Amino acid sequence: MLGSTFTLLASLAVSTLASPIVELRSVNKTTSLADLALQKVLFDASPIFGYYVKNETSTSRWMEKYPDSTKIVHMNIPGVHDTQTWNYSLATQEALDHVTDLDGVTVYPPEVYRCQQQPIISMLNAGIRVFDLRVAFDPTNSTLVFWHSQALQSETATMDDVLFGFYKWLDDHPSEALLLSFNYEGSTTAYAQNNAAVQMAIYDTLTTPAAKKYFVQTQNEFGTLGEARGKITLLRRFSLSELPASYSNSIQGVYFDGNQWFDNNPDITLVYNSAKNLSAYIEDFYEPGEPYGQGAAYNIDRKYNATTAHIIKATTQYPDSLFWTFASSENDSDNPIETPEIMALGNGTATPLGGVNQRLIPFLKEQKGKRVGIVMFDFFDQPGDLVQTFLDI
Ligand SMILES: *[C@@H]1O[C@H](CO)[C@@H](O)[C@H](O)[C@H]1NC(C)=O
Ligand SMILES: *[C@@H]1O[C@H](CO)[C@@H](O)[C@H](O)[C@H]1NC(C)=O
Ligand SMILES: *[C@@H]1O[C@H](CO)[C@@H](O)[C@H](O)[C@H]1NC(C)=O
Ligand SMILES: *[C@@H]1O[C@H](CO)[C@@H](O)[C@H](O)[C@H]1NC(C)=O
Ligand SMILES: *[C@@H]1O[C@H](CO)[C@@H](O)[C@H](O)[C@H]1NC(C)=O
Ligand SMILES: *[C@@H]1O[C@H](CO)[C@@H](O)[C@H](O)[C@H]1NC(C)=O
Ligand SMILES: *[C@@H]1O[C@H](CO)[C@@H](O)[C@H](O)[C@H]1NC(C)=O
Ligand SMILES: *[C@@H]1O[C@H](CO)[C@@H](O)[C@H](O)[C@H]1NC(C)=O
């Protein structure tokens, strides 16, 4: 009886995990049910998390060299914007058409939504420690899945599945501290609402026994690296306004109130703890505005200016406050359209200086020894020395 159960589980695991999960696919008579269950969850997470692989590189444990007493707000930490979009190609979009066709909204071409091209597991191993993630209900209001506006990223990988990928990676990298920014994503389907049901689902996912173990449990305060290692600090960008106040009062993490996070603003001051007068300084000028139709070079220059102005503020002001700078941007209504990729990486010969990412390399090299804070990138893997340059500051 036990033997046949084992064979069934093992063969299921082998057939679904057949290819790329390098060290997790080995199954034999001593493999525990707990290991098999983890393999299954990680496989379910893979459309968003990628296939779990161990890949120790010079960047996979970069926080090891910093003392426990280092304050998080004093650190320079690379992050990624709209993380969940890394595999949003035309093939992925078309594979999800049968779902999104029912949503009552128009889904634009994939390049409008796509902000990354490496899986989360590669981001982690490459040194990225801050992740911008967007969730909402699936079209049936049953599960929390990942979106970028109308673009559904996977109909199967749930928020909880993907968290297990981060938990597993932290077990393998206990020196590292992660910061996960979760936001409720709007404009997903014609009928989606940021209502009590979806807020309760997000709350529940972030307060499971596993979440209680892996998330830093303090509220509205950043502590030291020592307190954050092996754990996730929640950057809570979603509101729990439709639930009784006890939910907001009890959930862990630092709350970034959307009412203070002014839309498309290059210089936000957001008070996240009024009792202790703690503020975050944020640049989130994501959509270049007037004058319109100027093309890539002009708009990249404008975004580069906003990004570097904020980083310079981080190096010169409020040394004990959080600085959070977004190097990512797009204007998908402009003509010609500035996609996230064009803004980050340039538009060929029309942009001889490159995109925001290429232009940041020499700028970041000049900041050596200074505090720049958190900087969020689109297409973080290009140019190939961007993250290393950032970590060398
Ligand atoms: C069995 O697989 C586990 C991983 O599931 C591995 O750690 C262990 O070394 C393997 N044992 C043998 C005898 O191959
Ligand atoms: C990425 O997308 C392609 C095309 O939709 C798909 O075949 C592949 O399985 C996806 N990758 C993962 C890790 O899910
Ligand atoms: C491991 O990381 C290196 C450097 O980032 C990368 O070139 C390589 O493709 C990675 N290997 C795997 C299996 O992910
Ligand atoms: C999902 O919830 C929204 C908001 O309450 C509602 O309008 C919509 O009909 C629901 N969809 C389904 C499929 O139940
Ligand atoms: C609150 O902190 C800011 C710096 O972030 C400072 O400029 C301001 O004076 C402080 N206010 C009070 C009342 O301490
Ligand atoms: C983006 O471009 C469109 C078209 O040029 C324009 O209408 C829109 O206002 C721009 N966005 C912002 C935030 O200025
Ligand atoms: C990017 O380059 C293409 C081809 O040269 C051009 O048609 C398009 O207008 C450019 N886009 C922007 C935003 O400048
Ligand atoms: C960016 O800043 C530089 C230097 O101050 C300035 O010359 C340039 O006009 C700015 N670019 C845009 C598009 O505003």
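Okay, let's start at ligand 1: one of its oxygen atoms is 3.3 Å from an N or O atom in the side chain of Thr31. Keep in mind that this is a predicted model. Asn28 gets in on this too, with a polar side-chain atom 2.5 Å from an oxygen atom of ligand 1. Along with Thr31 and Asn28, Ser26 and Thr30 surround the ligand. So how much of ligand 1 does the protein cover? On its own the ligand has 370 Å² of accessible area, and the protein covers 38% of that. If you sort the shell by type, you get four polar residues, no nonpolar ones and no charged ones.

Now over to ligand 8. Here the surrounding residues are Tyr298, Asp301, Arg302 and Asn305. Asp301 puts a polar side-chain atom 2.7 Å from a nitrogen atom of ligand 8, while for Asn305 a polar side-chain atom lies 2.3 Å from an oxygen atom of the ligand.

In soluble globular proteins, nonpolar side chains tend to be buried together. Our largest nonpolar core has 98 residues, and among those with the most contacts inside it are Phe131, Ile120 and Phe166. Which helix gives the largest share of this core? That's helix 6, residues 159–172, with seven residues.

Last stop, Phe131. Leaving out residues up to four places away in sequence, Phe131 touches a whole list, including Val80, Ile120, Met123, Phe166, Leu178 and Met376.

Definitions and conventions. Residues are numbered from 1 along each chain as its sequence is written. Chains are lettered from A and ligands numbered from 1 in the order in which they are written. This is a predicted model: local features need pLDDT of at least 70, side-chain atom pairs count only at pLDDT 80 or more; totals for chains, interfaces and linings use all residues. Side-chain values use heavy atoms; hydrogens and water are left out. A residue is near a molecule or strand if one of its heavy atoms lies within 4 Å of it. A polar contact is a pair of N or O atoms within 3.5 Å; within protein, one must be able to donate a hydrogen and the other to accept it, and residues adjacent in sequence count only if both atoms are side-chain atoms. Accessible areas come from the Shrake-Rupley method with a 1.4 Å probe; for residues, only the protein chains shown count as cover. Ala, Val, Leu, Ile, Met, Phe, Trp, Tyr, Cys and Pro count as nonpolar, Asp, Glu, Lys and Arg as charged, and the others, Gly among them, as polar. A nonpolar core is a set of buried Ala, Val, Leu, Ile, Met, Phe, Trp, Tyr and Cys residues joined through side-chain atoms within 4.5 Å. Buried means under 20% relative accessible area, exposed over 50%, partly exposed in between (1.4 Å probe, protein chains only). Helices (H or I, at least four residues) and strands (E, at least two) are DSSP runs, numbered from the N terminus. Contact means heavy atoms within 4.5 Å.
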